[in-house]
Structures are given as structure tokens and as C-alpha cells.
Amino acid sequence: MQILDGKKTSEDIKNEIAAEVQQMKANGEKVPHLAAVIVGSNGASLTYVGSKVRSCEQIGFDSTLVALPEETTEAELLAKIKELNEDDNLDGYIVQLPLPKHIDEEKILLAIDPQKDVDGFHPTNFGRMALEMETFLPATPFGIMELLERYKVETSGKHTVVIGRSHIVGRPMSILMSRKGNPGDSTVTLTHSRTKNLEEYTKNADIIITALGVPEFLKADMVKDGVVIIDVGITRVEDASNSKGYVIKGDVDFDGVSKKSSFITPVPGGVGPMTIAMLLKNTLLARKIRSRK
């Protein structure tokens, strides 16, 4: 069994990008500039956006944090997005979700310029991904593909079962794993909360990618020997014995399932760190695309 170490791999990717940025500076080229928009004071969102800004500093990107109050109206946020779309100094930006309930997330995501949508959520980029064209891939699925590639996990002709059909992870993951190329060329079954007899699918899977959000849902008796496990789940579970009062659990019963796995991601330290690394990779791509014009 081999651990797919997202923490180490993400640091490798950041170092590679940092070296490229240094070369850009040496050549007198503009360095990538990423902005993050956050509305309100959601604790998890603030932590996540803060780590993005620190990562930008670490690798030499320019970064801007746009922090707006909770009471920001939808019209005010749309005006800010228009401003970011028109800012030639900015290569890419993300709008941190979730947004306050009085703001229509779909309307906001549709307003983002697809050429600056480094989260890869805009329908234009989603469509380009499905058509196997150059685009910004959603950061978490992109990170999973990068892990599979760097650890040389064989995916061609394999049966991949994806658990969860969200637009952020499950659905794009099913498209990416079935696309031509490596990793890819996989036969994909997309399952979800309404799937009957889920175990029939997981027991026959060569690769399982789970993004369900149910702690330790996938047990050892649900998988076959040699399976590759990608655990996207991340849930806080109360634990009085822990100094924080909680522990982070994935969708997979790691202790049991790891004994039958050929490769497995830990939680934390697996898929999570890769997400920010791939957001940075998308921003670098955005700068390169803009420099071609």
C-alpha cells in the first residue's frame, strides 16, 4: 500500500511554479496575479482564502484579497465582479463559496469572465473540459488527476467508481477520468445518494473516488484487494479526547480500507493541499494565455 501524499506533492508543484515565476521575473515578464473575493466572515472560508494568499506570496505571485461585509448586496457584488473582469492587471480570481443566502450563487458564477475563472466553475470552462479543450479544470478534480499522474497510477481500461455527483468534484471527476489520455481512459460509473446497492459497484471498482461527506462511510468489506482510493471527504467529528475538540475524518474508514488498497489518500494531507496548488497552476495558465494576446 502506498500513500498518495498530497501535502508533499503540492509543495513540489509550488516549487516548480515558483521557479517558473523567478524565470518570468528574470525575463522582465509580468508575474501572475490572483485575486480572491470573500463576502462575510465564514470561519472556514476565511482560513481557506488566507492560505491561498499565503501560497501566492510563497511562490512569487501578486495577490489581492477583496473582503466584503456580510450585508453586501447582490448588485454590489456583481459591480465588483465587473470591475475585476475589466482589470487588465488581474489574471484570474475566485469568489469564495458559500455566499450569504441573499445572494444568488449561480448568477455570480455566470458573471465571472471565463478567461479569469481559475476555479473552473463557469459553464464555458466546464464545456471546454468535457470537449477536451484547453481550459481551467476545477481545482480539486485537477489535483486528483495530478496525484494519479505523479504516482504513475494506471487508469487506462480500469473501472472507476465516483461516489457523489456535485458540480465541484463528482461530476467533473467522472468526465476527466473518462477522457482520452493519461490519467484517463477509464470506464466510469457515477454513483450518488440515490444509487441502489452501491456495494455492488464499489466491490468491482479498480479505483474509487469518494466525495460524499459522510465520515468513514466506505468500509473494508465494500472494496476489493488492490483498489486505488481517493478520499475527497472532509468532515469535523466531535472528539473530546482531542485538544481541538474535534478530529477531521474522510469518507473512508482508513484503518480498514488501507489494508486492502494499492494506493490511498490520507485525510487530512491528501486531496486538500492539492486543491490550492492547482488553483495556482490555473492562474499561471491564465497569465500565459493572456500573454499570447
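Q: In which hand does α2 pass α10?
A: In this predicted model, α2 passes α10 in a right-handed crossing. The helices concerned are α2, residues 43-59, and α10, residues 271-292.

Q: Which residues of α2 and α10 meet?
A: From α2 come Y48, S51, K52, S55, C56 and I59, and from α10 come T275, I276, L279 and L280. By class, this contact has six nonpolar, three polar and one charged residues.

Q: What makes α1 roughly perpendicular to α6?
A: Helix α1 (residues 6-26) packs on α6 at an angle of about 95 degrees, with the axes 11 Å apart. Perpendicular covers 65 to 115 degrees, so α1 is roughly perpendicular to α6.

Q: What are the residues of the contact of α1 with α6, by class?
A: They divide into two nonpolar, two polar and four charged. On the α1 side the residues are G6, T9, D12, I13 and E16, which meet E146, L147 and R150 in α6.

Q: Why are β3 and β4 said to stand at the edges?
A: The three strands form an open sheet in the order β3-β2-β4, with parallel pairing. β3 (62-68) and β4 (92-95) each have a single partner strand, so one side of each is left without a neighbour in the sheet. From one strand to the next, the twist averages 15 degrees.

Q: How do you know that β2 and β4 pair?
A: Two strands pair if there are at least two bridges between them. Strand β2 (residues 33-39) and β4 have four bridges, in the parallel sense. Within this pair, A36 stands opposite I94 in β4.

Q: Which residues of β4 point one way and which the other way?
A: G92 and I94 point one way, Y93 and V95 the other way, and all are buried. Side chains in a regular strand alternate between the two faces of the sheet.

Q: Which helix lies across β2, β3 and β4?
A: Helix α3 (residues 74-86) does, running at about 165 degrees to β4.

Q: What makes β1 and β6 edge strands in the sheet of six strands?
A: That sheet is open, its pairing is parallel and its order is β1-β11-β8-β7-β5-β6. β1 (2-3) and β6 (187-191) have a single partner strand each, so one side of each has no neighbour in the sheet.

Q: How do you know that β1 and β11 pair?
A: The requirement is at least two bridges, and β1 and strand β11 (residues 261-264) have two, in the parallel sense. I3 stands opposite I264 in β11.

Q: Why is I163 called buried?
A: Its relative accessible area is 0%. Buried means under 20%, so I163 is buried. I163 is in strand β5, and its contacts include T191, L198, T202, I208 and I209.

Q: Why does E154 count as partly exposed?
A: E154 has 47% relative accessibility. Exposed means over 50% and buried under 20%, so E154, lying between these limits, is partly exposed. E154 is found in the loop between α6 (139-150) and β5.

Q: Why does K152 count as exposed?
A: Its relative accessibility is 72%, and exposed means over 50%. K152 is in the loop between α6 and β5. Phi of K152 is near 55 degrees, a positive value in a residue other than glycine.

Q: What is the phi of E132, and where does E132 lie?
A: E132 has a positive phi of about 60 degrees although it is not a glycine. E132 lies in the loop between α5 (123-130) and α6. With a relative accessible area of 41%, E132 is partly exposed.

Q: Which peptide bond has omega near 0 degrees, and which has omega near -5 degrees?
A: The bond from L97 to P98 is cis with omega near 0 degrees, and the bond from N182 to P183 is cis with omega near -5 degrees. P98 is in the loop between β4 and α4 (105-111), while P183 lies in the loop between α7 and β6. Most peptide bonds are trans.

Technical notes:
Residues numbered from 1 in each chain as written. Predicted model: local features only at pLDDT ≥ 70, side-chain atom pairs only at ≥ 80, totals over all residues. Heavy atoms only, no water. Axes fitted to C-alpha atoms, helices over the stretch in contact; angles between N-to-C directions. Contact = heavy atoms within 4.5 Å. Left-handed = near helix turned anticlockwise from the far one by under 90°. Nonpolar A, V, L, I, M, F, W, Y, C, P; charged D, E, K, R; others polar. Buried < 20%, exposed > 50% of the residue type's maximum accessible area, 1.4 Å probe, protein only. Parallel < 35°, antiparallel > 145°, perpendicular 65-115°, else oblique. Lists of a residue's contacts leave out its neighbours within four places in sequence.
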